[in-house]
Amino acid sequence: MKIVMFENRNAIFDFDLPGVIDRLKYYSDQNVHEATELLDTISSCLSPTIKVTSDYFGYIVLDLIKADKGHVYCKVCKETYDSNQLSSRPLGLGKTPFSINLKEKGGIIKRLFSKKQLIMGRGGEAYDCSEHHVLISMITWIS
Ligand SMILES: [Zn+2]
């Protein structure tokens, strides 16, 4: 089976090709230009190990890890982990603007209804290895 590899500063990720194609098709169908481009590149690649360098692929990596697919090599502890061994961590204000802690007294609710102040923020998701080294972190929204 063909393998798709993606390397960033902290880690090297590998995934089986069908799972990657599946996610790329999903985004390509939603007219995500980068996904369509990657799909073309990957489909036309003949080597058994396909190396992807596009930063956009980081979002596909998040999806695949979330689905417990693939493996990650941590460059710090030099260990390979299955995706289901990684721990997920919200960045900034969280995975989506809606995961903001609503119990925070006064805070966000007050700001939501205050016309003077616009909510500015950004959030995303990160994955760490079991030794708490950051493997990947992606900003998934900015308001
Ligand atoms: Zn590590």
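This briefing describes the sheet, the hairpin and the helices of the structure above.

The model is a predicted one, in which local features need pLDDT of at least 70 and side-chain atom pairs count only at pLDDT 80 or more, while totals for chains, interfaces and linings use all residues. Residues are numbered from 1 along each chain as its sequence is written. Helices (H or I, at least four residues) and strands (E, at least two) are DSSP runs, numbered from the N terminus.

**The sheet**

- Five strands make up an open sheet with mixed pairing, in the order β3-β1-β2-β4-β5, where two strands count as paired if DSSP finds at least two bridges between them.
- At the edges stand β3 (49-52) and β5, each of which pairs on one side only.
- Direction ignored, neighbouring strands of this sheet are turned by 25° against each other on average.

**Strand β4 and its partners**

- Strand β4 (residues 71-74) has a covered face, formed by V72 and C74, and an uncovered face, formed by H71 and Y73.
- With strand β2 (residues 11-16), β4 pairs in the antiparallel sense over four bridges, and the bridge partner of D14 in β4 is H71.
- With strand β5 (residues 79-82), β4 also pairs in the antiparallel sense over four bridges, and the bridge partner of V72 in β5 is Y81.
- β4 and β5 form a hairpin with four residues between them, and K78 in the turn has a positive phi of about 55°.

**Helices α1 and α2**

- The axes of helix α1 (residues 17-29) and helix α2 (residues 33-43) come within 8 Å and cross at roughly 145°; axes are lines fitted to C-alpha atoms, for helices over the stretch in contact, and angles run from 0 to 180 degrees between N-to-C directions.
- The contact involves V20, I21, L24, K25, Y27 and S28 of α1, together with A35, T36, L38, L39 and I42 of α2, residues being in contact if their C-beta atoms, placed from the backbone, lie within 7 Å.
- α1 also lies across β1 (3-7) and β2, running at about 90° to β2.

**Helix α3**

- In helix α3 (residues 57-66), the buried residues include F57, I60, V61, L62, L64 and I65; a residue is buried if 20 or more other C-beta atoms, placed from the backbone, lie within 10 Å of its own.
- After α3 comes D68, whose phi is positive, near 60°.

Terms used:
A residue is buried if 20 or more other C-beta atoms lie within 10 Å of its own, exposed if 12 or fewer, and partly exposed in between; C-beta atoms are placed from the backbone. Two residues are in contact if their C-beta atoms, placed from the backbone, lie within 7 Å.
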